[in-house]
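Subject: Structure handover

Hello,

Here is the structure for your files. My notes on it follow below.

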Amino acid sequence: MKKIHMVDLKGQYQAIKERVDSAISEVINSTAFINGPEVRSFQEELEAYLGVKHVIPCGNGTDALQIAMMGLGLRPGDEVITADFTFAATVEVIALLQLTPVLVDVEKDSFNIDPAAIRKAITPRTKAIVPVHLFGQAANMDEILAIAKEHNLYVIEDNAQGIGADYTFADGRVAKTGTIGDVASTSFFPSKNLGCYGDGGAIFTNNDALAHTIRGIVNHGMYQRYHHDVIGVNSRLDSIQASVLRAKLPNLNAYNNARRAAARKYNKAFEGIETIITPKITKNCTATTNTVCDNCNCHVFHQYTLRIIGVNRDALVKHLQAHDIPCGVYYPIPLHRQKAYADARYNEADFPVTNQLIQEVISLPMHTELDNEQIDYITQTVIDFVTQ
C-alpha cells in the first residue's frame, strides 16, 4: 500500500507534471513574473468557470477577505457577523480592520453558520455577514440572503474551502459558491481543492463598481502608475502561481468528483456504526438528502469530517497516528475562546453546537489520489478503535 497522506500534492503533481512544468518554464522564459499574461488568462478562465463577472487575483486567501471588506468601505466599529467554528483568518481580518467581530454558533449537521443565530446577533451597528462554506459545503444562502436584504447588510462569502461547489436555491436556480453574495474571497493555498504551489487568492464579485475599487486596492491603490486613488495594499498573484492554477483549473471538476467518490466509500464503510456520524449533505442538494450523490455538486469535500460520539476522539487521533494514518482536528478551539479574540460579550451558552463539535470532529485523509486500498485500511482502523 502506498503511504497515506492527508493531502497528496506529489501524487497530484505527477499526473499533470508535463503541463505544469511547461507552464512554469514559459513564465520564467518570459520574465513577466508580476501581473503577466498568465494572471490575466487565469482570471478570465476562472470567471468563465464560475459564471461570475469579475475575478480579481491577489496574494492569498486572507488578503482576499480583507480586501473584500476594504472594498465595501466598512469602517472601524462596524459589526461583522461570522461563524465561531472556522479558521481564524475569517475573524483575523475583521479585527485587523478595526471592525467588530460578532461570532455566532453553527448548525450541527452542516458545520456552517446558523441563520437563526445570525438573526439574534444583529444590532444597529451590524453591516455585514460572512458565511464560511466550511469543509466544502455551502452555507444556507437562501436564509442568509433573506436576512441581509431585510436588514440592508452586505454578504461576504468566505469560499476558501468551497471552490467548485454548487448551491441550489429554493426556486431551483443553481450558482457556484462565491458568486452568490455581494463579494467573495477564496484561497489557492496548496492543499485547497484548487491550489497553487505557494500562496495565492482571489476576490469574486458581480458588482462592476466594487470590482474597480478592489482592482485598485490590490495594487497599492493604483489604476495608473504612481497615481494612488484609494488606500491599497500590495497583494498580487504572481505569474508562476497563475500558470500552475491555469494548468489545474481544467481538472477542478474531476478533482472534486474524486473527492466525492472517496467520501461515498468512507460513508459506505461507516454505515450502521452508532459512534460515527458521517458528513451530512444539507438543504442545497439537487438529488437527495444526507447522501453523497453521483449527479450533483453540492459538496466538494475539502475535508471529510466525522463526528465521533461516545468515544474519546483524542485517543482515536493517537490510534490513527500510531497506524501511520494522518488526520486533523478542525478546529480544536473555538474562536470565542482564542486569546486574541476573547470578548466579555460572549456567553458560553450561546455556542452549544460549537462547544460540542470541538470535542467530536475528526477529519480523515481527503484528496484526489486516495485509492480503495488506502480507504479500506483507514476505515477499518477507525472501526476497530470505535467498536472495541
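Ser 363 is buried, with a relative accessible area of 0%; buried means under 20% relative accessible area, exposed over 50%, and partly exposed in between, with a 1.4 Å probe and protein chains only. This is a predicted model, in which local features need pLDDT of at least 70 and side-chain atom pairs count only at pLDDT 80 or more, while totals for chains, interfaces and linings use all residues. Residues are numbered from 1 along each chain as its sequence is written, and side-chain values use heavy atoms, with hydrogens and water left out.

Ser 363 sits in strand E14 (residues 361-364). Helices (H or I, at least four residues) and strands (E, at least two) are DSSP runs, numbered from the N terminus. The side chain of Ser 363 makes a polar contact with the side chain of Thr 305, at 2.7 Å. A polar contact here is a pair of N or O atoms within 3.5 Å; within protein, one must be able to donate a hydrogen and the other to accept it, and residues adjacent in sequence count only if both atoms are side-chain atoms.

E14 belongs to an open sheet of three strands, in the order E12-E13-E14 with antiparallel pairing. Strand E12 (276-277) and E14 are the edge strands, each pairing on one side only. Two strands pair if DSSP finds at least two bridges between them. E12 and strand E13 (residues 304-308) are joined in the antiparallel sense over two bridges, and the bridge partner of Ile 277 in E13 is Arg 307.

Next, the parallel strands. In strand E2 (residues 79-83), five of the five residues are buried. E2 runs parallel to strand E3 (residues 100-104), with five bridges between them, and Val 80 stands opposite Pro 101 in E3. From E2 the chain crosses through H5 to E3, a right-handed β-α-β crossover. Right-handed means that, with the strands pointing away from the viewer, the path from the first strand over the helix to the second runs clockwise. E2 also runs parallel to E4, joined by four bridges; there Thr 82 stands opposite Val 130.

Strand E4 (residues 126-130) pairs in turn with E5, in the parallel sense over two bridges, and Ile 129 has Val 155 in E5 as its bridge partner. E4, helix H7 (residues 141-151) and E5 make a right-handed β-α-β unit. Four of the five residues of strand E5 (residues 154-158) are buried. E5 pairs with strand E8 (residues 183-187) as well, again in the parallel sense, over three bridges, with Glu 157 opposite Ala 184 in E8.

In the loop between E4 and H7 is Ala 138, which counts as buried at 3% relative accessibility. Ala 138 and Val 300 are 162 residues apart in sequence and 9.4 Å apart in space, C-alpha to C-alpha.

Helix H4 (residues 61-71) is mostly covered, with eight of its 11 residues buried; among them are Leu 65, Ile 67 and Met 69. Asn 60 caps the N-terminal end of H4, with a side-chain oxygen 3.1 Å from the backbone nitrogen of Thr 62. Just after H4, Gly 73 has a positive phi of about 75°.

Now the pockets. On a 1 Å grid over the protein atoms alone, a pocket is an open set of points where a 1.4 Å probe fits, with protein on both sides within 12 Å along at least five of seven lines; lining residues have an atom within 4 Å of a point. Grid points are joined across faces, edges and corners, and a volume is the space filled by probe spheres set on the points.

The largest pocket holds about 540 Å³ of space. It is lined by 28 residues, and those closest to its centre are Phe 87, Ala 160, Gln 161, Ser 187 and Lys 192. H4, helix H5 (89-96) and E8 each supply at least two residues of that lining. By class, the lining of the largest pocket has 13 nonpolar, 12 polar and three charged residues. Ala, Val, Leu, Ile, Met, Phe, Trp, Tyr, Cys and Pro count as nonpolar, Asp, Glu, Lys and Arg as charged, and the others, Gly among them, as polar.

The second largest pocket holds about 430 Å³. Of its 17 lining residues, Asn 35, Arg 40, Arg 215, Val 218 and Asn 219 are the closest to its centre.

Regards
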